[in-house]
Amino acid sequence: MRQIYLLLLLSVFCISAFAQKADINNFIVKESLLKNSKLAIIAADSLDNPLEKINGNYTFTVSGFTQPLQFNGGVAILPLQLERSTFVYIKHQNETGTHSKLLYVYKKEGSLNPYTINSMWLILFPAIIVFLAFAFRKFIIAAVIILVIYIYFNHSNGLNLSTFFETIFDGLKAMF
């Protein structure tokens, strides 16, 4: 009986020694290879090299909706099809922190081109417009018109106010 307990204990230690901790701390977003208006999330290291060892279910938040994604060989396909160009905010939270990206996915002739947007541009662009409006008094009306167009463009393409501020706060947390 004692030998069985030792054998079980030894096997538990061996299994835990070979288990890999597979966290997703960075990811790349590209168009799915099937060209079906879906995005693929590719697990990557800090140098954007794909990690093929990532397999299993991971929870991501995509534009405010929590979705479990099945990774196979480091790649998962988002189940949502994109009908038009839009902003997509993808966030993954694990033990090491929150990892997020804001993308503008440009759809042209059935192909998707995702462009990553740095969250600091969401702060800098309005700040520059407001600064120019205060510096040049004749620019105030044009600045208000530009800011209204900026807000309308963001809102009409899926970047609502809560996602806008969440992106900014996540970007600031990542900087510090």
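A residue is termed buried under 20% relative accessible area, exposed over 50%, and partly exposed in between (1.4 Å probe, protein chains only). Helices (H or I, at least four residues) and strands (E, at least two) are DSSP runs, numbered from the N terminus. The model is predicted, with local features requiring pLDDT of at least 70 and side-chain atom pairs counted only at pLDDT 80 or more, whereas totals for chains, interfaces and linings use all residues. Residues are numbered from 1 along each chain as its sequence is written, and side-chain values use heavy atoms, with hydrogens and water left out.

By these criteria, strand β2 is mostly covered, 6 of its 6 residues being buried. L39, I41 and A43 point one way from β2, while A40, I42 and A44 point the other way, and all are buried. In a regular strand the side chains alternate between the two faces of the sheet.

Strand β2 belongs to an open sheet of 3 strands with the order β1-β2-β5 and antiparallel pairing. β1 (26-31) and β5 (75-77) are at the edges with a single partner strand each, so one side of each has no neighbour in the sheet. Neighbouring strands of this sheet are turned against each other by 25 degrees on average, direction ignored; axes are lines fitted to C-alpha atoms, for helices over the stretch in contact, and angles run from 0 to 180 degrees between N-to-C directions. Two strands are taken as paired if DSSP finds at least two bridges between them. β1 and β2 run antiparallel and are joined by 6 bridges, with I42 in β2 as the bridge partner of I28. On β2 (residues 39-44), antiparallel pairing with β5 extends over 3 bridges. Opposite I41 stands A76 in β5, and opposite A40 stands I77 in β5.

Strand β6 (residues 86-94) is joined to strand β7 (residues 97-108) by 9 bridges in the antiparallel sense. The hairpin from β6 to β7 passes through 2 residues, and G97 in β7 is the bridge partner of N94. β7 pairs with β8 over 7 bridges, again antiparallel, and Y106 stands opposite N113 in β8. A hairpin with 2 residues between the strands is also formed by β7 and β8, and E109 in its turn has a positive phi of about 55 degrees.

I117 lies in strand β8 (residues 111-117) and is partly exposed, with a relative accessible area of 22%. Leaving aside residues up to four places away in sequence, I117 touches F87, L102, L103 and Y104, where contact means heavy atoms within 4.5 Å. I117 and F87 are separated by 30 residues in sequence and by 9.5 Å in space, C-alpha to C-alpha.

W121 is found in helix α2 (residues 119-135) and counts as exposed, at 55% relative accessibility. Together with L124 and I128, W121 makes a nonpolar surface patch of about 320 Å². Patches consist of residues with over 30% relative accessible area and no salt bridge, like charges being joined within 9 Å and nonpolar side chains (Val, Leu, Ile, Met, Phe, Trp, Tyr) within 5 Å. A salt bridge is a side-chain nitrogen of Lys or Arg within 4 Å of a carboxyl oxygen of Asp or Glu. Accessible areas come from the Shrake-Rupley method with a 1.4 Å probe, and for residues only the protein chains shown count as cover.
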